[in-house]
Amino acid sequence: MSFYVYLITSKYKDKLISYVGYTNNLKSRIEQHNSSLGAKFTRGRKWKLIYQKKYSTKNKAMSEEYKLKKNYKLRKEIKEKNIK
């Protein structure tokens, strides 16, 4: 089974906000976020997937998700790269 780390973005008051997560079913998870069934932070907004990376184990995906959540510089780079 494969696991994915993903980064989604949404506009909020002229600012681009982001959310990082991991899942084993990326399509379903994005649909949950966009239908207000995902994480509490993501409710009530429309999200766009801008980054995904596949991992072979859940532990590796969780570890990489944690690193990406804490690395705001990398998140900013990914957002800027995908805005253009």
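**Exercise 1.** In this predicted model, determine which residues of helix α2 are buried and how they are arranged about the helix axis.

*Solution.* Step 1. The buried residues of α2 are Ala61, Glu64, Glu65 and Leu68. Step 2. Viewed along the axis of α2, these buried residues fall within an arc of 105°, so they line one face of the helix. Step 3. Asn59, Tyr66 and Lys70 are exposed and sit on the face turned away from the buried side. Step 4. The cover over the buried residues includes strands β1 (3-12), β2 (15-23) and β3 (48-55), together with helix α3 (72-83).

**Exercise 2.** Describe how β1 and β2 pair, and characterise the setting of Ser10 in β1.

*Solution.* Step 1. Strands β1 and β2 are antiparallel and pair over 9 bridges; Leu7 stands opposite Val20 in β2. Step 2. The hairpin of β1 and β2 has 2 residues between the strands, and Lys13 adopts a positive phi near 50°. Step 3. Ser10 lies in β1. Its relative accessibility is 5%; because buried means under 20%, Ser10 counts as buried. Step 4. The Ser10 side chain reaches the backbone oxygen of Lys46 at 2.9 Å. Step 5. Beyond its neighbours within four places in sequence, Ser10 contacts Lys15, Leu16, Ile17, Arg45, Lys46 and Trp47.

Key:
Residues numbered from 1 in each chain as written. Predicted model: local features only at pLDDT ≥ 70, side-chain atom pairs only at ≥ 80, totals over all residues. Heavy atoms only, no water. Buried < 20%, exposed > 50% of the residue type's maximum accessible area, 1.4 Å probe, protein only. Helix = DSSP H or I, 4+ residues; strand = E, 2+ residues; numbered from the N terminus. Arc of directions from axis to C-beta. Contact = heavy atoms within 4.5 Å. Pairing = 2+ DSSP bridges. Polar contact = N/O pair within 3.5 Å; in protein donor to acceptor, adjacent residues only side chain to side chain.
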